[in-house]
Amino acid sequence: PFSATPKMDDDMDYGFEYSDDDEDDTDVDVENAYYNAKASKEESEWSEALSGFESVVDMEGDAKGEWGFKALRNIVKINHRLGNSPESLAAYRRLLEYISGAVTRNYAEKVVNSVLDFVSVTPAGQLVQTTTTTPAPAAAAAASTPPVGTTIQDGGGSGSFLKSFYELTLEALKQPNAHNERLWFKTNLKLCELWFTQREFGRMARTLKELHKACRLEDGTEDHKKGTQLLEVFAVEIKMHTERKDHKKLKELYRRALTVKSAIPHPRIMGIIRECGGKMHMDERSWDMAATDFFEAFKSYDEAGERRRISCLKYLVLASMLMESKVDPFDAQEAKPYKHDPEIVAMTNLVEAYGQNDIAQFERVLRGRDGETILGDAFIRDYVEDLLRNVRTSVVLRLVQPYTSLTLAFLADELNVSVAAVEELVVDLILDGRLVGGELDQVTGVLSFKKAPIAVTAAGAGAADDPRAAAAAAAASSADAKYAALDRWAKQLLKLLASQSKGL
């Protein structure tokens, strides 16, 4: 029979696993310590945060795990922002010990990449420069930049500090169980960017060679499965050769990049490649092809949210003016939102004067405040003379229409240039066949026409694409050809008569 009162026995087993509870409590303590340190960090209590994260690493001991990995990531970033570069680098070296198996490969790649990106763009000592008190208005304006004469420890985007970070990463990836091809590739790309900013083109070329090798198969051909990575290499290489003004190599890279089909690159990468193509075509005076590439570059940069989109839009406007296009680049849906951007407004004012062939207004824009914005871009500055020549050409072709003769001095006064400059322009227009029937007396400085002048545009049609002007130009050309044939026939007859006279 059962007793109503249960008998207590010290040896009874109630099924509890106390040893597992101890392990769980340790994990909870580590987790709590981590979040306490994180809370101190969010409250800008940097010393407490650093101590807290260090305690997390100590609590894990030799059993490296995710919490210690996260804690070291925070220690690296905080020390970097405080300007403690040696401490930041030491913590990063400890963090790399975890990528051999303490955390998953994908998570390790994500964290290491985020740390490298952080130290690349964040100035060392950023927190030291920021005061906890409210700055005066004058000081507030300069709060985002260090004071003149401030010495910041090596780091924050340049120098041996970043180089040490990249080299430590590449060295760690050589360790057993730490190999990660994607992380190796991205780290080398970042190293290339560092060499580029320091203009160490020799070192950059050697690193690029290794990256190209990684994108090839064993037989030396390009691995089509790595098309995206190959385009990233091309984009960095294009930047180097653009800086070195190696146009031959740029052409080769641009054409090779466009042949890569098996890739889904980041829009920024395609923006760099297309911008390169646009500049290459501009150098070759292929304005229409340049405009196409600049528009594609603008769309790619716009999709990526890159500031370079404004520059490429300005280059598109420049190419459109040089090709004498009647299409407004801002008619495109993608370009409309930027029409009132301060940098773009300067270009639209120039386009307006250009479209009206108003040489005076065109030069006023270049001399004024808008001109400072436009000419501040070295690439645009190289083509300003071509723009001026186009405007002056249009003005000359319009001015000669009512006259059978006029002086170079008159044209020079209208264009606000020297007589010698006008003479050179008129000679070129006659030789190019754009002033049909024009003859220049360089002694008297008079431009005259045997018949009513017909100004031919660059496309070969009459002035302003007038059908009557085009017909007149065609008729004039036909008449000239007829007279030239008659002249050759007469000369042949004279030679025949001369030979017969000798025979007699």
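At what angle do helix α20 and helix α22 pack, and how far apart are their axes? Hi everyone, let me start there. This is a predicted model, so every value today is computed from it. Helix α20 covers residues 384–399 and helix α22 covers residues 419–431; the angle between the two is about 75°, and their axes are 11 Å apart. Angles of 65 to 115 degrees count as roughly perpendicular, so α20 and α22 fall into that class.

Who makes the contact? On the α20 side we have R389, R392, T393, V396 and L397, and on the α22 side L425, D428 and L429. Sorted by class, the contact of α20 with α22 has four nonpolar residues, one polar residue and three charged ones.

Now for another partner of α22. Helix α21, residues 408–415, packs against α22 at an angle of about 105°, with the axes 9 Å apart. α21 and α22 are therefore roughly perpendicular to each other as well. From α21, the contact uses L408, A409, L411, A412 and L415, and from α22 it uses V419, V422, E423, L425 and V426. Here the class count reads nine nonpolar, no polar and one charged. If you have the structure open, look for L425, which is listed in the contact with α20 and also in the contact with α21.

Let's move to charges. Side chains of opposite charge can pair when their charged atoms come close. How many salt bridges does the model contain? The count comes to 26, and I'd like to show you a few of them.

One is E167 with K163, where the closest N and O atoms are 3.0 Å apart. Both residues sit in helix α8, residues 159–172, and the spacing of four residues is about one turn of the helix. E167 is partly exposed, because its relative accessibility is 40%. K163 also counts as partly exposed, at 25%.

Next, K226 and E181, whose side chains meet in a salt bridge at 2.7 Å, N to O. This pair links distant parts of the chain, 45 residues apart: K226 is in the loop between α10 (201–214) and α11 (227–243), while E181 is in helix α9, residues 181–197. Are these two buried or partly exposed? K226 counts as buried, because its relative accessibility is 18% and the cut-off for buried is under 20%. E181 is partly exposed, with a relative accessible area of 37%.

My last stop is E275. It forms a salt bridge with K279, with the closest N and O atoms 3.3 Å apart. E275 and K279 both lie in helix α13, residues 267–283, and are four residues apart, about one turn of the helix. At 8% relative accessibility E275 counts as buried, whereas K279 counts as partly exposed at 23%. Salt bridges can also share partners: E222, K249, E252 and R256 are joined in this way into one network.

Back to E275 for a moment, as there is another polar partner to mention. A polar contact of 2.9 Å joins the side chains of E275 and Y301. Which residues does E275 touch, leaving aside its neighbours within four places in sequence? They are F294, A297, Y301, R308, C312 and Y315. Y301 therefore turns up both in that set and in the polar contact, with E275 itself buried at 8% relative accessibility.

How values were computed:
Residues numbered from 1 in each chain as written. Predicted model: local features only at pLDDT ≥ 70, side-chain atom pairs only at ≥ 80, totals over all residues. Heavy atoms only, no water. Salt bridge = Lys/Arg side-chain N within 4 Å of Asp/Glu carboxyl O. Buried < 20%, exposed > 50% of the residue type's maximum accessible area, 1.4 Å probe, protein only. Axes fitted to C-alpha atoms, helices over the stretch in contact; angles between N-to-C directions. Parallel < 35°, antiparallel > 145°, perpendicular 65-115°, else oblique. Contact = heavy atoms within 4.5 Å. Nonpolar A, V, L, I, M, F, W, Y, C, P; charged D, E, K, R; others polar. Polar contact = N/O pair within 3.5 Å; in protein donor to acceptor, adjacent residues only side chain to side chain.
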